[in-house]
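I opened my notebook to keep a record of one structure. The entries follow in the order in which I looked things up.

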Amino acid sequence: MFLLKDSKKVVSTQAGEMRVVKGYGGKIVESPLHIGFITMEPRSLFVPQYLDSSLILYIRRGEAKLGFIYDDKLSERKLKNGDVYRIPAGSTFYIVNTGETERLTIICSIDPSEGLGFGTFQSFFIGGGRDPVSVLAGFDPRTLSTAFNVSIGQLREFMTGQDAGPIVYADTTHAPSLWANFLKLKGEERLERLKMVAPNTGSDEPKIEQPKSSWWNIFDSLLGTENKKGEKKDDSRTGSSPDSYNLRDQKPSFKNDYGWSIAVDKHEYKPLKKSGIGLYLVNLAAGSMMAPHVNPMATEYGVVLSGVGTIQVVFPNGTSAMNAEVKEGDVFWIPRYFPFCQIASRSGSFEFFGFTTSAHENRPQFLVGASSILRSMRGPEFATAFGLTEDRFYDIIDAQREAVILPSPSAAAPGDRPDSKGKETKPDERSESEGEEKKADESKGEEKKVGIEKVPKYMRSLGTEMIMGFE
């Protein structure tokens with residue numbers, strides 16, 4: 001249930017593709033997100049468009065140039081591996097893979113909260129022809145020829161020249177001259193093309209005055225004609241749009257010998273405030289785990305970037321919701337309030353990146369470890385709740401000396417593992433103890449199988465029966 005395996009390919013051309021993993025929508029998710037994967041071949045272009053959903057782009061591999069309108073000006077940002085950037089809903093944009101030989105890979109969140117409800121999200125292509133069809137094609141030809149101030153024949157040439165799809169090659173070897181010429185235009189000329197048909201300037205503020213440039217100038221520039229005035233225009237990026245934010249250039253929010261994590265909220269990157277979305281990046285050393293914890297502020301969506309690991313999620317009634325192995329490319333989600341942990345396999349490190357549905361500081365509540373709530377709230381109340389004496393309770397909760405990211409048993413010092421009586425276990429006694437633990441785990445696994453089969457019935461309605469554990 002918490003692995004999102006239903007991937008839908010929404011764009012597929014010779015120059016690239018985009019597929020989307022649809023997020024879970026229901027009573028237990030306040031703000032569902034969808035996760036998009038964009039792959040673009042070297043020297044390719046994702047043609048100008050706007051969406052009914054806001055995007056947060058994360059550059060997984062390669063380098064890109066992002067162009068979009070911000071405050072009625074064309075802004076262009078060069079993005080590299082690890083960079084994050086936000087594109088508001090309704091803001092016209094294009095993406096270019098500037099690499100000569102390397103594919104561009106982008107992971108993005110798609111927030112449908114402003115969507116039209118047609119599906120996962122809706123693209124409105126500004127540029128297009130036969131494939132994709134430009135939104136301009138919906139107007140009556142006479143109306144459009146009048147708006148452009150061109151003949152019907154010229155209009156037909158303009159509206160039917162592109163048939164390579166939404167992602168096209170932008171070099172002279174592969175691309176139609178239309179898009180190759182578009183990328184060669186000076187910054188202000190590209191701005192003129194985009195502003196005239198953009199419904200939103202990207203600044204999140206409505207604009208009353210409309211640009212007064214002629215449609216003929218846009219048509220002329222797209223066909224690659226020279227600037228009639230002979231003016232030399234600056235091709236540098238313009239506008240006052242926010243800079244990108246590079247996750248991999250930041251110091252970890254937490255780090256120890258067993259891994260590190262980076263959490264980014266609206267305080268670190270202000271554009272996240274408008275989306276209400278946070279970001280995170282975690283790297284676990286082989287065999288280590290992110291301690292069992294709860295997100296009290298947000299639902300979490302994750303994408304495995306490298307390695308193999310295990311995700312464990314727990315239902316409110318104390319039964320196992322999921323205990324699944326995940327690998328590179330897998331997408332998972334964790335509902336708000338549900339306890340969970342991530343464990344790296346012993347074969348190598350485990351890295352994952354993701355989004356949270358809140359731009360506020362998340363403040364996860366750890367259930368185990370040196371910074372756990374059991375330590376923070378230590379006292380006779382918890383000891384009584386577990387049916388233990390205080391001394392025995394303290395022996396158990398104080399046994400783990402690490403916090404947040406915990407080592408595997410093999411990484412712990414010889415005297416760090418207490419036996420069932422709270423005493424240090426000698427090395428020669430460990431194999432017998434581990435064998436007993438394995439048998440116990442196997443028997444518990446058999447019990448959990450029964451519980452998992454019954455759980456979906458509870459999940460259909462999150463009523464008091466599940467929350468309180470009553471039949």
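Which strand gives the most to the lining of the second largest cavity? I found that strand E4 (residues 44-51) does, with 3 residues. Strands here are DSSP runs of E, at least two residues long, and helices are runs of H or I, at least four long, all numbered from the N terminus.

**Entry: ground rules.** I am reading a predicted model, where local features need pLDDT of at least 70, side-chain atom pairs count only at pLDDT 80 or more, and totals for chains, interfaces and linings use all residues. Residues are numbered from 1 along each chain as its sequence is written, and side-chain values use heavy atoms, with hydrogens and water left out.

**Entry: the cavity.** I looked up what counts as a cavity: on a 1 Å grid over the protein atoms alone, it is a set of points where a 1.4 Å probe fits but cannot get out, and lining residues have an atom within 4 Å of a point. Grid points are joined across faces, edges and corners, and a volume is the space filled by probe spheres set on the points. I noted 2 cavities of 30 Å³ or more.

**Entry: the seven-strand sheet.** I traced an open antiparallel sheet of 7 strands, in the order E1-E2-E3-E10-E5-E8-E13. Strand E1 (7-13) and strand E13 (245-246) stand at the edges with a single partner strand each, so one side of each has no neighbour in the sheet. Two strands pair if DSSP finds at least two bridges between them. E3 (residues 34-40) and E10 (residues 104-111) pair over 7 bridges, in the antiparallel sense.

**Entry: the six-strand sheet.** I found an open sheet of 6 strands too, ordered E14-E15-E16-E23-E18-E21, with antiparallel pairing. Its edges are strand E14 (254-256) and strand E21 (331-334); each has a single partner strand, so one side of each is left without a neighbour in the sheet. E18 (residues 300-306) pairs with E21 over 4 antiparallel bridges. Tyr-301 stands opposite Trp-333 in E21.

**Entry: helix H2.** Which residues of H2 (residues 152-159) are buried? I listed Leu-155, Phe-158 and Met-159. Down the axis of H2, these buried residues fall within an arc of 85 degrees, so they line one face of the helix. The arc is that of the directions from the helix axis to the C-beta atoms. Arg-156 and Glu-157 are exposed on the face turned away from the buried side. Buried means under 20% relative accessible area, exposed over 50%, and partly exposed in between (1.4 Å probe, protein chains only).

Entry: I checked Asn-149, in the loop between H1 and H2. Its phi is near 65 degrees, a positive value in a residue other than glycine. Asn-149 is exposed, at 63% relative accessibility. Arg-43, in the loop between E3 and E4, has a positive phi as well, near 55 degrees. Arg-43 is partly exposed, at 27%. Last, I noted a cis peptide bond from Asp-131 to Pro-132, with omega near -5 degrees. Pro-132 is in the loop between strand E11 (123-125) and helix H1 (141-148).

Key:
1 Å grid on protein atoms, 1.4 Å probe; cavity = no way out; pocket = protein on both sides within 12 Å on 5 of 7 lines; lining within 4 Å.
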